[in-house]
Amino acid sequence: MTSQRAIAPYVLILPSFILAALVVVWPVNELAQIASHSVNRFGQLRDFVGMANFRALLDDPNFIASLGRTGIWTVGVVAGAIICSIPVALVLNEDFYGRDLARVIVMLPWAVSLTMTAIVWRWALSGESGMLNSALREFGIVDQNIQWLAEASTAFPMQILIGILVTIPFTVTIILGGLSS
């Protein structure tokens, strides 16, 4: 009887463990198959090539450059979101009149789909009639429109800035949850 009681928790958790293992193992296996074979343009596996795909990837200078840019983007967005979110979460953690409304206002952008957010930002950063150019000209900061998304020197920092602004509601929620507990 005691051996059955000792085994019961493992038997009860076994189906969930098997399902979780399948959810992880199957995609990893598929990824390994695709990575170690040549693939035609229709996505069908062809000849086994071993590590040749990885060698070709590491020999490509564009891959190394994009890996560096991805690292810069990730560090910039994470650090920027945390730096901006901590003060907001600290303020929203205080007890003040309208706190619940302020929390809702901070969370509202999180409810908007990323597709709509991208459309709004593309419109705001338009080089011809965007809101940012209009505001900068109105304040006398620039004399002519800037093509924000046309050149890498301005598009990449804007992508980081947008990444930070899109991430702030989620990060504030997480930090606020930690402060509240």
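Student: Let's start with Ala81. Is Ala81 buried or exposed?

Tutor: Ala81 is buried, with a relative accessible area of 2%. Keep in mind that this is a predicted model.

Student: What's the cut-off for buried?

Tutor: Buried means under 20% relative accessible area, so Ala81 at 2% qualifies.

Student: Which helix is Ala81 in, and what does Ala81 touch?

Tutor: Ala81 sits in helix α3. Leaving out residues up to four places away in sequence, Ala81 touches Ile164, Thr167 and Thr171.

Student: OK, cores next. Which residues make up the largest nonpolar core?

Tutor: Eight of them: Val77, Ala89, Leu92, Ile160, Ile164, Ile168, Val172 and Leu176. Helices α3 (61–93) and α7 (152–180) each supply at least two residues of this core.

Student: Which helix gives the most?

Tutor: That's α7, with five residues.

Student: What does Ile168 touch?

Tutor: Not counting residues up to four places away in sequence, Ile168 touches Cys84 and Ser85.

Student: How many residues are in the other core, the one apart from this?

Tutor: That one has six residues, among them Leu125, Leu136, Val142 and Met158.

Student: Switching to the surface. Which residues form a nonpolar patch there?

Tutor: Leu19, Val23, Val24, Val25 and Val28 do, and together they have about 470 Å² of accessible area.

Student: Where is Leu19, and is it buried or exposed?

Tutor: Leu19 is in helix α1, which covers residues 2–35. Leu19 is exposed, because its relative accessible area is 55% and the cut-off for exposed is over 50%.

Student: What about Pro27?

Tutor: Pro27 is in helix α1 too. Its relative accessible area is 37%, so Pro27 counts as partly exposed. Pro27 and Asp47 are 20 residues apart in sequence, and their C-alpha atoms are 20 Å apart in space.

Student: Let me zoom out. How many helices and strands are there?

Tutor: The chain has seven helices and two strands. Reading from the N terminus, the order is α-β-β-α-α-α-α-α-α.

Student: Is the chain compact or spread out?

Tutor: It's more spread out than a compact globule, because its radius of gyration is 25 Å, well over the 16 Å that the globule rule gives for 181 residues. Along its principal axes, the C-alpha trace spans about 80 × 55 × 25 Å.

Student: How much of the chain is buried?

Tutor: Of the 181 residues, 17% count as buried. The accessible surface comes to about 13500 Å², and 69% of that belongs to carbon and sulfur atoms.

Student: And what share of the contacts join residues at least 24 apart?

Tutor: Taking contacts between residues at least 6 apart in sequence, 47% join residues at least 24 apart.

Student: Last one. I was looking at Thr117; where is that, and what is Thr117 in contact with?

Tutor: Thr117 is in helix α5, residues 114–124. Setting aside neighbours within four places in sequence, Thr117 is in contact with Val112 and Val166. Thr117 is buried, with a relative accessible area of 15%.

Note on methods:
Residues are numbered from 1 along each chain as its sequence is written. This is a predicted model: local features need pLDDT of at least 70, side-chain atom pairs count only at pLDDT 80 or more; totals for chains, interfaces and linings use all residues. Side-chain values use heavy atoms; hydrogens and water are left out. A nonpolar core is a set of buried Ala, Val, Leu, Ile, Met, Phe, Trp, Tyr and Cys residues joined through side-chain atoms within 4.5 Å. Buried means under 20% relative accessible area, exposed over 50%, partly exposed in between (1.4 Å probe, protein chains only). Helices (H or I, at least four residues) and strands (E, at least two) are DSSP runs, numbered from the N terminus. Contact means heavy atoms within 4.5 Å. Patches are made of residues with over 30% relative accessible area and no salt bridge: like charges are joined within 9 Å, nonpolar side chains (Val, Leu, Ile, Met, Phe, Trp, Tyr) within 5 Å. Accessible areas come from the Shrake-Rupley method with a 1.4 Å probe; for residues, only the protein chains shown count as cover. A salt bridge is a side-chain nitrogen of Lys or Arg within 4 Å of a carboxyl oxygen of Asp or Glu. The radius of gyration is taken over C-alpha atoms; the globule rule is 2.2 Å times the number of residues to the power 0.38.
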